[in-house]
Amino acid sequence: MADEHISTVLEQLRRIMADERFRNSEFQINLLRGITVHALDQVLYNIEDVISDVLHLGVSTELAAAGLEKFASTQSKAASAETATLYILRKRLEELEEVLIGNPHESHPLHSKRSFFVKLSKLYGLDVVKKDIINVILGESFRDSSDSIKTIIIVGMEGTGKTYLARCTCTDCQVLEIFDNIIWVNVSDDFDLGKIARKIILSLEGLEHDSLRLLTLVPLQSLLDRIQRKIVNKKSLLVLDGVGRYDCDDWEALRAVFQHGMSGSGILVTTHEHSVAGAMESSYKFCLGKLSDELCWMILREVGLNDDTLEYAVEDIGRELARRCEGLPFAAKVLGDAIRHYDFGIRGWDVFLRNCIWKSPRIPKYMSKILSLSYCNLPLSVRRCLSYWAIFPKSFEISKTLLVQHWMAQGYLYSSDNLEMELKGEEYFKCLEAHSCFQYCTRDGGMLTCKMHSLVHDCVQSLSPYDLMMRFESVKQLTLNLSSWTEEVKVVGTHHLVMMIAQGAGFPMDISGAEKLRTLVAVTQGCLITSQALSNLFKQSKHLRLLDLSLTSGLHNCFGPSGQGNILDEIPVEICRLINLRYLSLAGSKVLKILPETLCDLHNLQSLDLTGCSSLRKLPDGMGKLMNLRYFYTWCCSSITSYPKGISCLTSLRELTNVIARADHNDAKEFTLGDFEKLNNLCGHVRVKLGGNAMDADEAIRANLWNKKDLDRIRINLDGDIGKESQDVIKKALNPPSDLNIEFV
């Protein structure tokens, strides 16, 4: 296992040290022998930081000159840039020697076969409960209009199959036939009516998932009125999955809205808290208990066996493993997935039974031991992606696209065979899904979203070193010292930081120990973020790869309270110091009016989210320098009147949500219709506002829509005199391929 870890690190090193200048330093790679699993990320982060420092000397002539001048003061004036670079690299690697030498090997097996998803053929032990729930829904009493809206609650401890049971119930043909709407909402521990209302609208109106961020800007009462109009004269079933906390006022307000639906409408709730089930005063309650060892063996057998002929040979081992599942169907499913992907026949079952983790005093519960076994069975590259999830709160729901962007920003999706990062992310995502890491994956408005099972989340957080992931529930002081976060753990350097900033508090003016930060997410309740505070942060956090200061991003739909944005009116010019930044979100910064030109010096930037920056007047003229930009979001940037010409140079773009394009001529400064010519990697759909006096046929031809192989749809909004043109004339001029849908909105 350690050998595979080391080979992965070496592969990373080979990639970032491919330049001839670094090959003489390969002898230093032997330092990596004998690293523990938990030390690998720390080591790899340090080495990547060293290399990025060195490589930056070749990116910025100013910094290169400064660095070489400093070096020349202590070395021969004849020292070349190559010698200086090697000197810096070797010096830094020598400093890592103390961290790398002397760590013991780990002995857990690791197998990395390609995974595939196994779905259970039936509800083991839950089929009777499902039948009883359906009988209630179909019964006369459920349609009794004299009473308040009926509520069904499924309650049981984590891992007993509550969510799976609810999903199987909602997809039953008898249930589908009687309801006009079945609305599924992941609630989590925070019963926030605003978040719930936005997700209900997303489902009722069939909106795309990106609209969830825009709905954050809509007042709560308007959301509730909108829901009420949609459910009048319709029979609806609202499913609230994973309710952990109960808020009486929000619950009654939600019930009051659904009271306006047709007779027979209802609410189905799943929760692991019996106190919640009691407080909600349910009409019907179903309590789930543990399964028998026999049923756990049946689940384990169905999921874990690649070859049915082995059933008799592994039965004794399988039944012992089933006993250790302690009656939890989720435990049996996870263990079965792990064994299936280990794929060594009888020997594989025996390896799992005899694994030393069962005797580990550090992991007291069998459920935790099973999840740890599954974790160790993942390829190292996938394990890094899973461990990153520790910064998210429990029950966090995220779109696959955003999750892959996070992995990409952290450098987890490197591929030696030139596979696109997005395809590598898709592969890792499917691997995690096949190992039952997600409680469910669903499509909201055409976008795949997922939620990690709470038990998996607990396991991931317990396995993540404290010096890598840190969350502050509140930040009231103006300074923050990461190095003094804990006395029990010597913090080498915090890499991923989520700050939960208390209401009325400001963004810290100084964050001591932020030199090694790679991720910073600020979650606030209307926090003032000053330019000086950001300037101080930018000056010391040159290794930052992901910066999220937004309210309306996917993170804050889960993390933060609804309806309050950050007060961020200026981005300092020092942002150019974030030379490693891959992901930047300023979404929801409603008072931000201008972005500095120095933002365009972030040559590594892959994702830029400006959703809801409604006061933003213009984009930087130098946008064309962001050659690695792949995702660019400008929903509701209503004050922007034109887009810069440089966007035509962003040939790596995959998603471009909104753009304004002149259609009457090829303008020298403004983005025009023909500037789509080289943007051939665009995927999904794009919304275009066409402006100008008329449609220029040459511009339409130059747009080269025939080469947009992955583009499904273009939504066109006509602005100004061009609106007088007929839609047929415009569509004919564009001459799109038959599989590209053109819509006028």
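Biologist: Before we start, what does "buried" mean here, in terms of relative accessible area?

Modeller: Buried means under 20% relative accessible area, while exposed means over 50%. Please keep in mind that this is a predicted model.

Biologist: Thanks! Which residues of helix 6 are buried, then?

Modeller: In helix 6 the buried ones are V129, K130, I133, I134, V136 and I137. Looking down the helix axis, these buried residues fall within an arc of 155°, so they line one face of the helix.

Biologist: And which exposed residues are on the face turned away from the buried side of helix 6?

Modeller: That face carries the exposed residues V128 and K131.

Biologist: How far apart are the end C-alpha atoms of helix 6?

Modeller: They are 17 Å apart. Helix 6 covers residues 127–138, and at 1.5 Å a residue its 12 residues should span 16 Å, which agrees.

Biologist: Let's zoom out. How many helices and strands does the protein have?

Modeller: The secondary structure comes to 26 helices and 22 strands. Of the protein's 745 residues, 57% count as buried. Looking at contacts with a separation of 6 or more, 74% are between residues 24 or more positions apart.

Biologist: How many residues are in the largest nonpolar core?

Modeller: That core has 74 residues, and those with the most contacts inside it are L321, L335, W349, W389 and W407. Helix 16 (residues 329–342) gives the most to this core, with seven residues. There is also a second, separate core of 73 residues, which includes A514, L602, F632 and V659.

Biologist: I like rings. How many aromatic pairs does the structure hold?

Modeller: It holds eight aromatic pairs. One of them is F142 with Y284, a tilted pair at 6.4 Å centre to centre with 40° between the planes. F142 lies in the loop between helix 6 and strand 1, and Y284 is in strand 5, so the pair ties together parts that are 142 residues apart in sequence.

Biologist: Are F142 and Y284 buried or exposed?

Modeller: F142 and Y284 are both buried.

Biologist: What about Y388 and F392, what kind of aromatic pair do they form?

Modeller: Theirs is edge-to-face, with 5.9 Å centre to centre and 85° between the planes. Y388 has a relative accessible area of 0%, so it is buried. F392 counts as buried too, at 0% relative accessibility.

Biologist: Which residues form an aromatic cluster with Y388 and F392?

Modeller: The cluster is made of Y388, W389, F392, Y412, F429 and F438. Its member F429 is in helix 21 (residues 421–434), and F429 is buried because its relative accessibility is 1%. F429 and L386 are 43 residues apart in sequence, yet their C-alpha atoms are 9.4 Å apart in space.

Biologist: Which residue lies over the face of F429?

Modeller: K400 does, at 5.7 Å from the ring centre. Elsewhere, the charged end of R383 sits over the ring of Y375, 5.4 Å from its centre.

Biologist: New topic: what is the phi of C636?

Modeller: C636 has a positive phi of about 60° although it is not a glycine. Most residues other than glycine have a negative phi. C636 is in the loop between strand 17 (631–633) and strand 18 (655–656), and it is partly exposed at 38% relative accessible area.

Biologist: And what is phi of N735 near?

Modeller: N735 has a phi near 50°, which is a positive value in a residue other than glycine. N735 is in the loop between helix 26 (727–734) and strand 22 (741–744), and at 44% relative accessibility it counts as partly exposed.

Note on methods
Residues numbered from 1 in each chain as written. Predicted model: local features only at pLDDT ≥ 70, side-chain atom pairs only at ≥ 80, totals over all residues. Heavy atoms only, no water. Helix = DSSP H or I, 4+ residues; strand = E, 2+ residues; numbered from the N terminus. Expected span 1.5 Å × (residues − 1). Buried < 20%, exposed > 50% of the residue type's maximum accessible area, 1.4 Å probe, protein only. Arc of directions from axis to C-beta. Core = buried A, V, L, I, M, F, W, Y, C linked by side-chain atoms within 4.5 Å. Phe/Tyr/Trp six-rings, centres within 6.5 Å; stacked < 30°, edge-to-face > 60°. Lys NZ or Arg CZ within 6 Å of the ring centre and 35° of its normal. Contact = heavy atoms within 4.5 Å.
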